[in-house]
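The exercises below are to be worked with the sequence and the model side by side. Each task is followed by its solution, taken step by step.

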Amino acid sequence: MTDVLFVLFAVVALGGAAGVVLGRSPVASLLFMVATLASVAGIFVLLEAHFLAAVQVMVYAGAIMVLFLFVIMLLNLGHDYRADLKFGLWSLLALSVSGLTGGLLWTFLADPVPAGALGGAAASAIDAAVAEKGAVGAIADPLFTDYVVAFELTGLLLLVAIVAAVVLAKPRSGEEQEC
Amino acid sequence: MTLDYSSSFHYLVALLPECVLFVGGMGVLLAGVSKTDEQRRPELGWLALAVLAAAAVANGWLYSVSESGATAMIAVDKFRLFANWVFIVGAALTIAISLAYVSRQRLQAAEYYALIAFATVGMMVVAASRDLMIVFLGMETVSIAVYALAAFNRRDPRSAEAGLKYFLLGAFASGFLLFGIALIYGAAGSTNLQAIAVAVQDGAAAGGLMIPGMALLVTGFAFKVSAVPFHMWTPDAYEGAPTPVTAYMASAVKAAAFVAFARILFVGLDGVYDQWFPILWWIAAATMVVGNLVAVVQSSIKRMLAYSSIAHGGYLLVALVAANDAAAAGLLFYLFVYTVTTVGAFAVVVTVGRQSERDTAIEKYAGYGWRRPVLGTLMTLFLLSLAGFPGTGGFMAKFYVLQGAAEAHLWWLLVVLVLTTLVSYWYYLRVAWFMWMKEAPEGAVHRVGGATPFAIYVVLLVCGGIVLATGLLPGAAIDLAQGSVEGLRHWVAGTAPAH
């Protein structure tokens with residue numbers, strides 16, 4: 001059952017991702033992206049990360065996607081464009097490179113997987129943390145202790161992005177060309 | 001004082017220079033809000049310089065702080081502190097050559113200087129980081145600030161083009177980097193570099209995820225340091241960006257990427273040296289050959305310096321491939337000298353262009369040396385240093401990198417480095433030849449455009465002094481660099497990994 005669901009979600013996620021790139025209208029791309037994000041949330045559920053799945057649906061598939069949709073509609077960007085991708089020699093090259101990478105991953109993953117994050121100590125540590133503090137606590141606690149630097153740094157990153165966006169988007173205040 | 005990160009306060013101490021610079025950068029932003037007249041642009045620049053000076057003091061104070069162990073997320077080691085000097089000096093020189101430019105181009109001064117300060121914070125975080133997550137966040141902070149700086153002159157379409165190209169390819173590269181980090185995390189079960197190294201050594205890391213992860217990470221960083229074949233964005237981005245920003249991109253931004261790359265390769269991925277060695281070997285060789293050969297045919301000085309910066313990236317990659325202490329010290333020394341030399345050369349380009357984007361064609365330099373002997377002499381000095389002429393800092397930097405490569409028996413790379421350096425003499429000396437040997441064309445009225453700003457003279461003299469000092473008496477600087485890499489690669493039970 002789990003395997004069937006996983007294949008379903010994985011296919012929808014990958015198909016949606018392809019749709020984002022290949023879609024001609026920004027709105028269609030956006031809806032494909034919602035499908036991808038929702039399928040990833042489904043995969044999180046299969047991994048028993050229910051809190052992550054809920055956050056994924058609420059924040060990404062919900063809030064951020066709606067924001068994107070608003071921007072596209074407000075700026076009237078929802079027209080069809082001619083396809084950006086030209087299926088010439090380059091697409092053949094891109095496909096072969098993708099295939100090569102996929103094949104490499106496949107051969108590597110065919111080996112028995114030793115204990116990394118995929119299993120062993122790290123996984124059991126996560127299980128223990130979830131059992132002790134609950135799913136929210138297991139994420140929130142390290143966020144403000146072990147990873148507090150990363151958390152604060154994300155704030156700096158967002159500030160820089162806002163300053164950068166404002167600088168580039170602010171209308172010019174009637175200054176004329178310099179001589 | 002010894003830091004063990006038992007309380008959050010220790011993070012604050014360990015990141016003191018970053019905190020000072022970040023708060024100061026916000027102060028510059030706020031000072032710009034209350035700005036009423038247009039004449040106060042230079043004052044914001046001087047304020048940013050004062051903030052950088054405060055960060056430098058904090059960085060010096062950190063030498064008296066030690067950490068217990070070498071596995072914490074934030075490193076307080078001399079490698080980081082030396083790199084911080086490079087970033088602070090690079091940012092300060094960039095701001096100094098921007099003062100007149102920003103006023104003349106009527107750029108939004110507060111945001112301009114604040115973004116430079118924030119980008120410098122990102123670089124310092126990258127250098128301090130022992131965790132791939134922090135590396136990524138720091139690199140993104142640097143990149144986003146620099147995308148905006150490259151597109152900063154909104155009256156110049158080339159600036160917008162530069163920003164957009166840099167942004168699209170930079171975001172693409174960040175994707176590679178992040179995917180690589182995710183795969184490495186999957187293999188090793190941690191993003192901490194020491195934990196990754198231990199997992200690789202114990203054989204606990206899944207090779208099936210580690211190797212593709214390493215390959216993607218190397219690809220991402222190759223984009224960031226504009227190594228061939230991932231260099232396509234560099235010439236356009238460097239040519240279109242405002243000239244002081246180009247100086248910053250070619251010097252400090254590149255140094256930050258190299259410092260992070262070095263720490264990741266030398267500490268975290270040392271166990272898979274045999275896998276990344278051939279990849280980086282070919283990238284280094286291709287970068288040196290392509291960068292130098294294409295630079296020969298450039299007619300714009302900014303484009304020529306862009307390809308020259310690609311070529312210098314190749315020389316620095318040789319130090320990474322060598323992966324021993326001599327090469328690591330050479331890398332730090334090289335980054336310092338290269339940063340100073342590059343900003344010095346761009347200071348002359350800014351002056352020749354009269355604080356705008358004019359006169360970037362190399363032909364425009366004809367006869368310039370005789371009209372402005374001081375500028376001409378210093379430009380010649382910087383070009384000779386970039387080429388690696390004996391007696392300049394650039395020569396000693398190449399010498400130390402070559403020494404590291406020789407210790408690692410990289411004879412072929414060594415040959416490529418020397419031969420491509422000989423090629424580089426052609427295009428560097430071509431500019432000097434135009435300046436001193438060519439007459440300005442008949443009828444061309446060369447407007448001198450007022451006096452050279454005071455700050456640019458200071459920058460030129462400082463850069464020229466450092467280039468000569470590191471060239472003639474490199475002892476102190478190389479000793480500092482060698483002291484800075486001690487312990488970087490010896491963290492497991494006091495032994496250096498052998499290749």
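Chain B contains 20 helices and two strands, where helices (H or I, at least four residues) and strands (E, at least two) are DSSP runs numbered from the N terminus. The model is predicted, so local features need pLDDT of at least 70 and side-chain atom pairs count only at pLDDT 80 or more, while totals for chains, interfaces and linings use all residues. Residues are numbered from 1 along each chain as its sequence is written, and chains are lettered from A and ligands numbered from 1 in the order in which they are written.

**Exercise 1.** Compare the radius of gyration of chain B with that of a compact globule.

*Solution.* The radius is taken over C-alpha atoms, and the globule rule is 2.2 Å times the number of residues to the power 0.38. With 499 residues the rule gives a value near 23 Å, and chain B has 22 Å, which agrees. The C-alpha trace of chain B spans about 75 × 55 × 40 Å along its principal axes.

**Exercise 2.** Describe the secondary structure of chain A.

*Solution.* Chain A has six helices and zero strands, and its pattern along the sequence is α-α-α-α-α-α.
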